[in-house]
Amino acid sequence: MGQKFAADHEHKEEGVSFLTFLVNYRGEIFSRTLEHLLLVAAAMLAAVLVGIPLGIALVRRHNLRRWVLGTANVIQTIPSLALFGFLIPVPFLGGIGARTAIVALALYALLPILRNTYTGIAGVDPAVLESARGMGMTQRQILWDVQLPLSIAVILAGVRVAMIICIGVATIAAAIGAGGLGVFIFRGVAMVSNSVILAGAIPAALLAIGVDLILGWVEEKLTPKA
Amino acid sequence: MNPAPGSDGLAVELRNVGYCLGKRQIVGGVSFKVAPGETLVLLGRSGTGKTTTLKLINRLLETSSGEIFIEGRPQLEWDPIRLRRRIGYVIQDVGLFPHWTVEQNVAMVPRLEAWPEARVGQRVREMLELVGLDVAKFAARKPSELSGGQRQRVGVARALAADPPILLMDEPFGALDPVTRAELQREFCELAKRLEKAIIFVTHDLREALLIGTHIGLFTEGRLAGIYEPDEFLRSKDAEARAFVDSLSAGESWDRSSPQITSTRRKA
């Protein structure tokens with residue numbers, strides 16, 4: 001593989017166009033895109049499964065709120081490459097490869113999901129909640145029939161932001177051997193080849209735009225009309 | 001379903017009820033009885049514990065002292081959810097579910113109680129007619145497509161839908177414009193006479209209290225200063241009762257006195 005790339009690099013210098021490069025490497029671009037998507041999907045699944053219930057719990061637990069949101073904020077400020085680095089020596093979660101990357105991506109995705117879930121649920125009109133409780137809805141019914149439908153747009157907006165962050169940050173995952181479109185970017189940087197960098201950057205950007213559009217559509221479908 | 005009062009014929013009874021928030025006593029020593037067909041108006045200035053007392057009845061707040069009996073049974077023996085479904089609740093901000101249609105809002109408690117769908121539909125039609133809303137026109141609307149008065153009509157219809165023997169109302173007409181308010185007060189008065197429910201109604205408006213109440217309970221500083229019949233209230237020597245009666249006559253003579261009077265009738 002390495003030799004092939006070195007050879008290609010020379011070709012490029014000889015004027016082989018970017019398009020030709022894309023055509024030649026369409027197989028690898030496709031498989032790296034898939035790898036990228038799988039990393040993001042696994043991380044997002046974990047972040048949603050943890051973030052939404054935790055965000056809901058924070059509405060009722062005032063004492064927990066500051067700690068949990070604070071921790072999520074701090075994680076967000078750690079540079080992505082450093083976070084990947086920190087995780088490598090951690091037992092069970094860490095090591096070289098996709099698992100570590102998924103953990104790091106999930107941590108990044110957590111804050112927007114957590115914060116928007118909390119904000120959405122806490123923002124439901126108190127009069128609506130009072131009447132729901134006063135008319136004899138159980139906590140579970142209030143959550144599923146009132147709070148979640150009324151905050152779904154805000155929660156989904158958080159998922160969208162988390163998704164975009166994840167797709168972007170996942171390009172760094174290649175640094176710890178997790179694969180994905182970042183492989184092209186790191187390789188391109190090492191080879192000083194714009195074509196190779198773009199072969200990773202452009203699909204990643206298209207992925208982000210496409211996923212955002214799909215989630216925007218889902219958001220519109222799920223938001224109850226007031 | 002007819003009202004099922006306790007063996008003593010009472011729907012609601014409070015015995016020496018108090019509520020504390022931390023060390024601060026919000027309400028203390030409140031006792032009253034309400035039988036089916038009666039409307040007890042809790043009258044008082046803002047912050048005197050009227051709303052708190054109301055919320056103690058359907059356990060949105062838990063009493064700190066004293067006892068409450070609902071249909072002759074100690075309130076604490078009731079499952080809170082069952083209890084609330086037997087008590088209609090109407091608040092000033094209505095609190096209709098904005099993502100549900102009028103029909104779904106009114107059908108809420110019957111559906112929670114798993115009534116057969118045909119009966120739910122019939123009940124919703126009855127309730128909307130009862131509060132003067134055209135079913136064909138309003139059933140499919142969302143709350144955002146209603147005026148304030150229409151919203152509160154739906155709020156009342158929703159509270160009555162499962163035919164609860166008890167109705168709690170917290171300044172239900174307080175946020176409406178004066179004309180709509182007078183209209184709803186009048187209609188509600190008629191409704192209350194027909195329905196044979198035990199109604200507890202919170203207001204700071206004496207005019208409303210006199211119109212709607214069969215009894216008026218006057219609140220001052222978290223205590224019930226006295227329970228009066230409407231004409232008795234007007235003759236009362238109690239200082240707070242006098243203050244309310246004076247505000248009434250002041251309101252009537254606004255056009256020949258100073259402009260400050262308009263402000264005394266507003267909610268503080």
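**Sheet of chain B and helices of chain A**

In chain B, strand S3 (residues 39-44) runs parallel to strand S9 (residues 215-220), and 5 bridges join the two. The model is a predicted one, in which local features need pLDDT of at least 70 and side-chain atom pairs count only at pLDDT 80 or more, whereas totals for chains, interfaces and linings use all residues. Residues are numbered from 1 along each chain as its sequence is written, while chains are lettered from A and ligands numbered from 1 in the order in which they are written. Helices (H or I, at least four residues) and strands (E, at least two) are DSSP runs, numbered from the N terminus; two strands pair if DSSP finds at least two bridges between them.

Within S9(B), B:Phe219 is the bridge partner of B:Gly44. Both S3 and S9 belong to an open sheet of 6 strands in chain B, with the order S6-S7-S8-S3-S9-S10 and mixed pairing. Strands S6 (87-91) and S10 (223-228) of chain B stand at the edges; each has a single partner strand, so one side of each is left without a neighbour in the sheet. From one strand to the next, the twist averages 15°. Helix H1 (residues 50-57) of chain B packs on the sheet and touches S3, S6, S7 (166-170), S8 (198-203) and S9, its direction making about 150° with that of S8(B). Angles run from 0 to 180 degrees between N-to-C directions, and axes are lines fitted to C-alpha atoms, for helices over the stretch in contact.

Chain A, by comparison, has 10 helices and 0 strands. Its C-alpha atoms fill a box of roughly 75 × 40 × 20 Å along the principal axes. Of its 226 residues, 38% are buried, that is, with 20 or more other C-beta atoms within 10 Å of their own, the C-beta atoms being placed from the backbone. Helices H8(A) and H10(A) (residues 194-222) pack at an angle of about 170°, with axes 10 Å apart. The two are therefore roughly antiparallel, a term for angles over 145 degrees. Residues including A:Leu156 and A:Ile164 in H8(A) meet residues of H10(A), among them A:Leu207 and A:Leu215.

Between the chains, 16 residues of chain A are in contact with 18 of chain B, contact requiring C-beta atoms, placed from the backbone, within 7 Å. H7(A) gives the most to the side of chain A that touches chain B, with 6 residues.

Note on methods. A residue is buried if 20 or more other C-beta atoms lie within 10 Å of its own, exposed if 12 or fewer, and partly exposed in between; C-beta atoms are placed from the backbone. Two residues are in contact if their C-beta atoms, placed from the backbone, lie within 7 Å. Angles under 35 degrees count as roughly parallel, over 145 as roughly antiparallel, 65 to 115 as roughly perpendicular and the rest as oblique.
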